[in-house]
Number of protein chains: 4
Amino acid sequence: MSRKLKSGLGKSTTDKIFVRGYDLTEELIGKVSLGDVAFLELKDRLPTPQESVMFNAIVVTLVEHGLTPSTIAARLTYFGAPEALQAAVAAGLLGMGDRFGGSIEQAGQIVDSHKAAKHIIPGLGHPIHKPADPRTTRLFALAEENGFAGRHVGLMGLIAQHATEAYGRELPVNATGAIAAIASEMEISWRICRGLAVMARAIGLVAHLQEEMEEPMAPEIWSRAEDEASSEMNSDRV
Amino acid sequence: MSRKLKSGLGKSTTDKIFVRGYDLTEELIGKVSLGDVAFLELKDRLPTPQESVMFNAIVVTLVEHGLTPSTIAARLTYFGAPEALQAAVAAGLLGMGDRFGGSIEQAGQIVDSHKAAKHIIPGLGHPIHKPADPRTTRLFALAEENGFAGRHVGLMGLIAQHATEAYGRELPVNATGAIAAIASEMEISWRICRGLAVMARAIGLVAHLQEEMEEPMAPEIWSRAEDEASSEMNSDRV
Amino acid sequence: MSRKLKSGLGKSTTDKIFVRGYDLTEELIGKVSLGDVAFLELKDRLPTPQESVMFNAIVVTLVEHGLTPSTIAARLTYFGAPEALQAAVAAGLLGMGDRFGGSIEQAGQIVDSHKAAKHIIPGLGHPIHKPADPRTTRLFALAEENGFAGRHVGLMGLIAQHATEAYGRELPVNATGAIAAIASEMEISWRICRGLAVMARAIGLVAHLQEEMEEPMAPEIWSRAEDEASSEMNSDRV
Amino acid sequence: MSRKLKSGLGKSTTDKIFVRGYDLTEELIGKVSLGDVAFLELKDRLPTPQESVMFNAIVVTLVEHGLTPSTIAARLTYFGAPEALQAAVAAGLLGMGDRFGGSIEQAGQIVDSHKAAKHIIPGLGHPIHKPADPRTTRLFALAEENGFAGRHVGLMGLIAQHATEAYGRELPVNATGAIAAIASEMEISWRICRGLAVMARAIGLVAHLQEEMEEPMAPEIWSRAEDEASSEMNSDRV
């Protein structure tokens, strides 16, 4: 006995298209911004004005990070397969895994156990932005203004404080930690938090590929790496 | 002599982060919506109010299409690799290729040559939405209101008219065709048009995976396909 | 002070190409089989005759599994992006994650803790092949013949025995478990074991796409899923 | 009326597994090499001894190319998502597109039209290996020995000769061109030729990731690219 397939996201008839129950052409196109439709997709309703400010703030934070392993991989992929821009964006997204996808879930683990293992604590500290991550300051201020500075945001601050003491150096909440805490306030599941970064970064990756089309760096990165590694290779057999 | 790597998208110092030259925390977070930052990433400036309406309208159109090969592939991938949500989104994006990524470029090709080869004309016609695609009606109305109903939009209409006559059936401009025409009006390169769909659909794919987490359909699709194909397989050797 | 990039895998001059120190045209092409070059790539030397039999046996086991979420996702991706066969194979590989990539590492964890959580024990049991997985029987026989039935293979058997008792039902070593144990005997790191499946399945995925080119099933899977989910969708708003 | 799904690749019962109609454990595991199973997957029969030599020669040629955009992208992806080795291999495959996937089909196009447009002719010439690609020499010698030096191989040679004259510089058949010609002799469809590279390179990519696990270069490539591009960025706004 097979189970019925169900989906509540999209539906269409000959003259109407619905997204999450809203009439796409009458209620969404030209009336609602991209960020608000992203909220609708995840929460099954349009945001309040406060939620709209807060949610857009979160995803805007995540769009662009300059040259990272992810954007470089996308550019190298585009170099090899210019017929498939979508594959280059996908290659970029593939690197958005455990190393960069910290979450409030992980951040909630006992800090000391990480210290012993010299692990990086997800959501805390930043190699460049010290002592405070300016995005956190801004996001937490917005959370305060819009009514999202609840117990998750408070907890994240306590973890940072405890970690700073335990490690003996500044470990403030970084942008990832702030976003995880605020997403929890907005009742966005921690399991989908990585998806916020993925959807935002897809935008950034398209922009990187546009730049790569105009002024390519992939061939240069390739030839430098190949030349350097070739000059170094030595083997008993060669 | 190696070439210098350059990128104008992101930059950061210890206390400041810049995206396309804008101060991320002071000028963008909490002030600008996700759609407007997407515009900024591609065009290197923030949109005018009219451009903002139009650009958000375009990408909102592209976010959600219900169950498609792309969303089903994403769900099947998530089933096998739940540790890597980013890979499931990437798998979904990989299918957004030539079949679904029509552009004004392609649409501009001579209609009759397609007719002879029984090709689908990119940007024209829709299997369900007849005689008119309701999204096109809405997008072209917004283009009119916001000053983007220029010669590309006009040309697209002429192609549709010509195709309808040549084929002897209704071939109105569909949403892809409308978006391609309007993107051209906004001076967004046809080479990046597929990227608009990719960035928008990344949002939709995350929502599909959220639904899949809560109510999975991948195992059902798998077992049905496997059962059906197994029952059918016959070979001289078995 | 930047670190030097190094790689020992490939090198070429104007008239010679080396792979792992071997002259590609003089020592490998026409002389060594694909499986043996895969061994060379991972182990930095060509296999002994016994290692060759055993290694080829392992990867041959992993090539083809019929219609799975992975092969279906590849076919759906090819449907959308026929210009990029490589992307369809990649989409198929993306699903070869935690659910299907059990390893001796995971198998070595205490069986009872899994029982309590009703987890599947990696490397043990099979939904169809009962009481014994025929591939395990064959692989362990080959391991015996070729001198690879050492302590890892013994340990895997003990775990299966213990699990069968703890759960009160047959939980024999499956093909994944057998491969993990034998790979350990061959000193192939558990961290690369998933890679054996990936390289083998890449072959299988290409074959599935060839079949899909000739007799497509993706459109059918799509339309069935969409029809079924659409007929079911109900929303308070629609 | 829905169409029946069919697949002839894999099938299993409780005690038997079949691949292309062969009993996996009795006829393939321990008896047939990986390369021969790849042939079986594509051609629906095991190879003759001559076909086995020739097919293995082709795919062995394609396994390893050292540091390329594809292997670098795989390493960068692994850096970000070490939990999902399969995604790093997939990212590497994604770059194996039009730029690197020449085929006899493309090679068969009129040479002069390419000359006018200063295009690279697929299958001809090599930036390093001059005047002759040593792999071509070896592959064509094997084709001669094993009975695959038919009209496609002859045609490829003629195209090279014509191109060399038309361009006024050495444009010998490269490895891609040789493989495309021989694959045609073996009645492997040009549409699946890119797949030969994909399956072979999947092996190479796993080896690159194994090396990356032991001696990472991704962080170095990242930090160099980022430092260089940051130092260069200038914008009217910053």
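This is a predicted model: local features need pLDDT of at least 70, side-chain atom pairs count only at pLDDT 80 or more; totals for chains, interfaces and linings use all residues.
Biologist: Do the copies meet through the same surface or through opposite ones, and why?

Modeller: Through the same surface, because 100% of the interface residues of chain A are also interface residues in chain B.

Biologist: What rotation superposes chain D on chain C?

Modeller: One of 180 degrees, with 0.0 Å of shift along its axis and an RMSD of 0.0 Å. In chain D, the C-alpha nearest that axis belongs to D:A90, at 2.1 Å. The same surface serves both copies here, since 100% of the contact residues of chain D recur in chain C.

Biologist: How many residues of chain D are in contact with chain C?

Modeller: On the chain D side there are 83, in contact with 84 residues of chain C. About 7,200 Å² is buried between chain D and chain C, and carbon and sulfur atoms give 66% of that area. In chain D, the residues that lose the most area to chain C are D:I29, D:L34 and D:Q86; together they account for 10% of what that side buries.

Biologist: How many salt bridges and how many residue pairs in polar contact are counted between chain D and chain C?

Modeller: The salt bridge count is 0. The count of residue pairs in polar contact is 16, with both residues at pLDDT 80 or more.

Biologist: Which helix of chain D gives the largest share of the side that touches chain C?

Modeller: Helix α11 of chain D, residues 193-214, with 14 residues. Sorted by class, the side of chain D that touches chain C has 41 nonpolar, 21 polar and 21 charged residues.

Biologist: Back to a single chain. How many helices and strands does chain A have?

Modeller: Chain A has 12 helices and 3 strands. Of its 238 residues, 62% are buried.

Biologist: Among contacts in chain A between residues at least 6 apart in sequence, what percentage join residues at least 24 apart?

Modeller: For chain A, 69% of those contacts do.

Definitions and conventions
Residues are numbered from 1 along each chain as its sequence is written. Chains are lettered from A and ligands numbered from 1 in the order in which they are written. Side-chain values use heavy atoms; hydrogens and water are left out. Contact means heavy atoms within 4.5 Å. Buried area is the accessible area (1.4 Å probe) that two parts lose on being put together, summed over both. A salt bridge is a side-chain nitrogen of Lys or Arg within 4 Å of a carboxyl oxygen of Asp or Glu. A polar contact is a pair of N or O atoms within 3.5 Å; within protein, one must be able to donate a hydrogen and the other to accept it, and residues adjacent in sequence count only if both atoms are side-chain atoms. Helices (H or I, at least four residues) and strands (E, at least two) are DSSP runs, numbered from the N terminus. Ala, Val, Leu, Ile, Met, Phe, Trp, Tyr, Cys and Pro count as nonpolar, Asp, Glu, Lys and Arg as charged, and the others, Gly among them, as polar. Buried means under 20% relative accessible area, exposed over 50%, partly exposed in between (1.4 Å probe, protein chains only). Copies are superposed by least squares on the C-alpha atoms of residues with pLDDT of at least 70 in both.
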